[in-house]
Amino acid sequence: MQQRALVRRPGPDLADGLVTHVERTPVDAGLALRQWQAYVDALHAAGWETVEVPPADECPDAVFVEDTVVVYGGLAVLARPGADRRRPEVAGTEGTLRGLGYRIARIEAPGTLDGGDVLKHGGTVWVGTGGRTDDEGARQLADLLAPLGACVVPAPVTRVLHLKSGVTALPDGTVIGYEPLVDDPAAWPSFLPVPEPEGAHVVLLDGSTVLMSSGAPATRALLERRGLRVVAVDISEFEKLEGCVTCLSVRLRG
């Protein structure tokens, strides 16, 4: 199965990215670019091809390309970001995915939806509402994905920026999260608390390998004890902007 991932390199104004749940701290743009390249290199080493979305240097948050689209099978649902200033980011993603042959749909006003609020595993799609994504955006996504057999389940998000800032899923479907930042751990059929907030985010590279932040060594050890191979990357500059490993790419499978 072909594995490709959309990525977008950080722009010169990265340090001016939005923050909502953390205090702003200085961001080293040069270090961020090196960390981004190491992230891309890790994807390549795991057998993934990367496709660069054209830069959007006028948009400080554009490196967080995941927020611009939700891809399900051959359908790309273009987001309508909850932060007005992020909406220009979507055009570059649309052009790239059209070029790759995806069918295009979009979230329409007045709905809002950020891709980082969407967690997919198997045929279930959880959509975090209450922050950047609203109920209308979640409803539109459910309508668009229903013909593809997806079951869309809403999930509240009040303690973090996006749903996937709080929880992600392991290859076996277990949902992991740092419990103080998860609205309702009991909402997940199988929930595993992790000991560090940076440990709540994994990218599935294959059925037994995950990519995660090097800022969560105790979580890495926990996942390795469960039999997973862990690839750890330093994304400290992006974490200062509430970013995580999921935000930096859109994984395209098949």
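1. How many residues lie between strand 12 and strand 13 in the hairpin that they form? Strand 12 and strand 13 form this hairpin with 2 residues between them, where strands (E, at least two residues) and helices (H or I, at least four) are DSSP runs numbered from the N terminus. The model is a predicted one, in which local features need pLDDT of at least 70 and side-chain atom pairs count only at pLDDT 80 or more, while totals for chains, interfaces and linings use all residues. Residues are numbered from 1 along each chain as its sequence is written, and side-chain values use heavy atoms, with hydrogens and water left out.

2. Strand 13 (residues 209–213) pairs with strand 12 in the antiparallel sense over 3 bridges, and Val210 in strand 13 is the bridge partner of Leu204. With strand 14, strand 13 pairs in the parallel sense over 5 bridges, and Thr209 stands opposite Arg229 in strand 14. Strand 13 is largely enclosed by the rest of the structure, because 5 of its 5 residues are buried, buried meaning under 20% relative accessible area (1.4 Å probe, protein chains only).

3. Helix 2 (residues 90–99) has as its buried residues Val90, Gly92, Thr93, Glu94, Thr96 and Leu97. Their cover includes strand 1 (3–7), strand 2, strand 3, strand 4 (75–78), strand 5 (103–106) and strand 15.

4. The structure holds 2 aromatic pairs, a pair being rings of Phe, Tyr or Trp (its six-membered ring) with centres within 6.5 Å, and planes under 30 degrees apart counting as stacked, over 60 as edge-to-face and the rest as tilted. The rings of Phe64 and Phe238 have centres 6.2 Å apart and planes at 80 degrees, so this pair is edge-to-face. The pair links distant parts of the chain, 174 residues apart, with Phe64 in the loop between strand 2 (49–52) and strand 3 (69–72) and Phe238 in helix 6 (residues 236–239). Phe64 counts as buried at 4% relative accessibility, and Phe238 is buried at 0%.

5. The largest pocket holds about 600 Å³ of space, a pocket being an open set of points on a 1 Å grid over the protein atoms alone, with protein on both sides within 12 Å along at least five of seven lines, and lining residues having an atom within 4 Å of a point. The volume is the space filled by probe spheres set on the points, which are joined across faces, edges and corners. Its lining comprises 24 residues, of which Val71, Lys120, His121, Arg251 and Arg253 lie nearest the centre of the pocket.

Methods:
Two strands pair if DSSP finds at least two bridges between them. Buried means under 20% relative accessible area, exposed over 50%, partly exposed in between (1.4 Å probe, protein chains only). On a 1 Å grid over the protein atoms alone, a cavity is a set of points where a 1.4 Å probe fits but cannot get out, and a pocket is an open set with protein on both sides within 12 Å along at least five of seven lines; lining residues have an atom within 4 Å of a point. Contact means heavy atoms within 4.5 Å.
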